[in-house]
Amino acid sequence: MAKKETSKTKEIDNLKINDLAKNTESGQGEFLTTNHGLRINDDQNSLKAGERGATLLEDFHFREKITHFDHERIPERIVHARGSAAHGYFELHESMSKYTKAKFLQTPGKQTPVFVRFSTVAGSRGSSDLARDPRGFAVKFYTEEGNYDLVGNNIPVFFIQDALKFPDLIHAVKPEPHNEMPQAGSAHDTFWDFVSLMPESMHMIMWAMSDRAIPRSLRMMEGFGIHTFRFINENNKSVFVKFHWKPVLGVHSVTWDEAQKISGKDTDYHRRDLWEAIETGNFPEWNFGVQIVAEEDEHKFDFDLLDPTKIIPEEIVPVQIIGKMTLNRNPDNFFAETEQVAFHPGHIVSGIDFSNDPLLQGRLFSYTDTQLSRLGGPNFHEIPINRPIAPVHNNQRDGIMRQTINTGQSSYNPNATGNGCPFQAGAADGGFVSYNERIDARKVRARSQSFFDHFSQATLFYNSQSETEKNHIVDALLFELGKLETEAIRVRVVGMLTQVDKTLAEKVAEGLGIPVPKAPEEPMNQSIPADGDPMKFQPIKVESSLKSSAALSMENTVKDSIKTRQVAILAADGIDDISLNTMKEALEAAGAQTKIIAPHLGFIATATSKQIKVDQSFLTAASVLFDAVYVPDGKRSATALKEEPDAIHFINEAYKHCKAIAADGSGVDFIYLTAVGVKIQNEDKADKNNLATGVLLNRDSKEFINAIAQHRFWEREKRGKVPA
Ligand code: HDD
């Protein structure tokens with residue numbers, strides 16, 4: 001395989017990596033010292049009063065080492081605690097100067113360093129990567145004008161419309177307070193109780209119950225800024241903008257059965273996948289897109305642009321691709337970088353501004369506030385991963401763990417003692433000026449009537465799904481609601497589903513064994529002011545002008561590549577050399593990664609007695625960790641595999657999860673032994689070697705590559721699964 005660019009090669013150009021270098025430390029070739037620089041002579045034994053005596057208080061090395069250890073942990077993030085991150089750069093391809101004066105969006109070819117952290121929302125730091133959950137997609141651009149953070153998710157809408165409800169949402173979804181269960185899961189009473197009383201969550205629920213909430217890889221999911229933001233140009237003219245990240249490898253997910261099994265087989269599945277892709281030079285890439293809406297068009301949609309439970313369908317406002325982000329370097333130190341990075345939607349640069357989306361407005365308070373307890377004080381901006389590459393000069397001083405040594409007499413403004421420095425910057429010098437939006441309003445605790453359509457886009461999303469995707473939503477709802485202890489919550493949720501789609505509600509009701517509730521007559525929205533008219537706060541029924549949107553279905557994603565796909569090759573002694581090597585080479589040439597899985601570790605001997613290194617045994621490998629499986633020819637090998645129940649299970653499970661399977665020669669005999677073999681011989685005979693089933697009984701690498709690129713053969717779900 002050609003040697004690829006390594007994860008370290010771009011760092012020369014990356015200003016942020018150069019900046020971090022000031023703080024990196026390696027003990028290579030150095031003496032062990034205390035934190036104060038004294039060389040340590042014995043790090044094995046504490047200082048004692050005699051060999052068998054008590055430890056002496058005098059032992060400063062012992063005290064320093066243990067004290068530091070005792071304080072190594074910091075509070076995990078209140079949400080998004082579980083995450084993985086990487087460095088990279090964003091390259092602009094289309095100038096946005098017409099819309100924004102943000103410097104990093106002016107000149108095509110301009111590269112801006114980024115640090116990106118992906119996360120799940122509900123689970124703790126050590127929870128499984130494969131929880132059903134939205135994924136955080138937080139990007140810190142280190143621009144020459146200061147840090148710009150785009151703190152989004154892989155789902156373009158949110159559960160709630162007003163940030164005041166965020167603590168309620170999170171309390172509901174986190175493990176229940178009395179028994180701290182379940183970990184990293186929404187399938188419990190408090191979450192669905194909340195949802196059933198918050199009709200505005202229904203659109204997000206559709207996404208969260210779809211396979212989008214269980215991505216195949218962090219590299220294969222979209223990202224969204226969610227809120228409507230503003231761009232502002234040199235002439236102070238503003239447009240509304242929504243941000244999109246579109247993965248070059250397409251949007252792909254696993255199935256829920258797989259997700260649950262992966263959680264047991266490899267809790268770090270996504271973290272490992274991201275890390276390994278970067279280490280092997282398969283740098284993850286996303287196209288960056290914008291949807292631009294002229295200010296005068298603010299009210300032309302059948303939803304409110306300020307409502308974070310709504311998308312602007314791409315059919316109505318197309319996504320314009322303006323650049324690409326590439327992640328090409330893993331962090332050196334998880335804690336220093338991934339754990340200590342502090343994102344904030346309020347970190348913006350001139351040329352970008354907020355809208356009045358009430359969710360965004362509330363977020364602007366929360367993110368700095370949370371860092372105070374998480375990172376311990378107001379100087380978290382000095383932590384290397386957080387400090388901008390733009391210079392920082394102001395009159396903020398002191399505080400716990402202050403690093404900067406501010407010189408001079410003055411720390412206030414205006415001042416004469418410091419010659420008036422640091423100066424305020426005029427707009428021409430890049431000084432940030434808030435968009436001078438005209439506001440003429442009463443101070444009220446209220447919500448606009450334009451926010452009360454809670455179902456039309458939930459319906460739009462559901463209608464846009466393929467049949468398989470719809471079935472998976474039904475299954476997910478059945479799983480989640482099936483875990484509830486309180487029947488009344490199930491009934492309320494299904495009542496809500498009747499507002500989204502009648503058939504969906506019927507299928508879920510049937511699976512739960514309950515009658516389909518009538519459309520709810522009770523007031524559904526609980527946030528009714530005591531003196532308000534309840535009818536004013538009821539969801540409004542709106543027909544979406546769009547019946548379906550192709551961009552919402554993962555079926556329509558790009559399926560033209562098998563780059564970084566993991567292919568298991570099941571083998572044992574006696575494997576046929578040509579059958580193994582031709583397929584392996586073809587797959588690797590197409591960018592896939594192959595692993596030899598055999599009954600034991602070490603080496604196996606081919607039919608011509610060549611020694612082949614085994615990558616994993618059946619003990620540590622599992623089909624759920626692979627995208628496809630190949631069984632090469634080789635009589636003895638096939639006979640040995642037949643004796644291996646795990647090998648048989650491997651095939652059955654890969655089939656159950658609709659993955660591409662190929663076998664050659666005696667490998668086919670082995671396949672025939674499995675439940676898959678019985679099935680294809682009985683039912684799918686006509687489809688043998690047909691792409692509809694994705695089981696290829698030959699060694700045609702082209703066909704196999706094409707099959708893997710299809711990601712999954714959902715057709716099989718209709719034919720009935722095999723036991724696995
Ligand atoms: Fe948030 C973290 C994304 C609403 C309060 N949020 C956090 C992270 C992401 C998001 C990706 C992790 C950042 C990282 O990797 O460090 N949050 C969102 C999105 C939202 C959203 C896409 C809705 C559109 N968040 C939201 C609201 C509030 C918060 C309404 C509070 C009013 N979020 C926080 C927080 C966190 C956070 C408590 C926890 C850790 C942190 O900020 O740094 O402040």
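**Figure 1. Lining of the second largest cavity in the predicted model.** Strand S2 contributes the most to the lining of the second largest cavity, namely three residues. The structure shown is a predicted model. S2 spans residues 111–120, and S1, spanning 83–92, is another strand that supplies at least two residues of this lining.

Figure 2. His 270 belongs to helix H7, which covers residues 269–279. With a relative accessible area of 1%, His 270 falls under the 20% cut-off and is therefore classed as buried. When residues up to four places away in sequence are not counted, His 270 touches Asp 129, Leu 130, Arg 135, Pro 215, Arg 216, Ser 217 and Leu 218.

**Figure 3. The largest cavity and its lining.** A search of the whole structure identifies five cavities of 30 Å³ or more. The largest cavity has a volume of about 150 Å³. It is lined by 17 residues, of which Pro 156, Phe 224, His 244, Ile 311 and Ile 312 are the closest to the centre of the cavity. Strand S7, comprising residues 238–247, gives the most to this lining, with three residues. The lining of the largest cavity consists of ten nonpolar, four charged and three polar residues.

Figure 4. Helix H9 runs through residues 358–374 and contains 17 residues. From the first C-alpha to the last, H9 reaches 25 Å, close to the 24 Å expected at 1.5 Å a residue. A bend of about 25° occurs in H9 at Leu 364. The buried residues of H9 are Leu 359, Leu 360, Arg 363, Gln 371 and Arg 374. In an α-helix there are 3.6 residues a turn, so residues three or four places apart point the same way. The cover over the buried residues of H9 includes strand S4 (146–153), strand S6 (229–232) and helix H8 (334–339).

How values were computed:
Residues numbered from 1 in each chain as written. Predicted model: local features only at pLDDT ≥ 70, side-chain atom pairs only at ≥ 80, totals over all residues. Heavy atoms only, no water. 1 Å grid on protein atoms, 1.4 Å probe; cavity = no way out; pocket = protein on both sides within 12 Å on 5 of 7 lines; lining within 4 Å. Points joined across faces, edges and corners; volume = space filled by probe spheres on them. Helix = DSSP H or I, 4+ residues; strand = E, 2+ residues; numbered from the N terminus. Nonpolar A, V, L, I, M, F, W, Y, C, P; charged D, E, K, R; others polar. Expected span 1.5 Å × (residues − 1). Bend = angle between axes of the 7 residues up to and from the residue. Buried < 20%, exposed > 50% of the residue type's maximum accessible area, 1.4 Å probe, protein only. Contact = heavy atoms within 4.5 Å.
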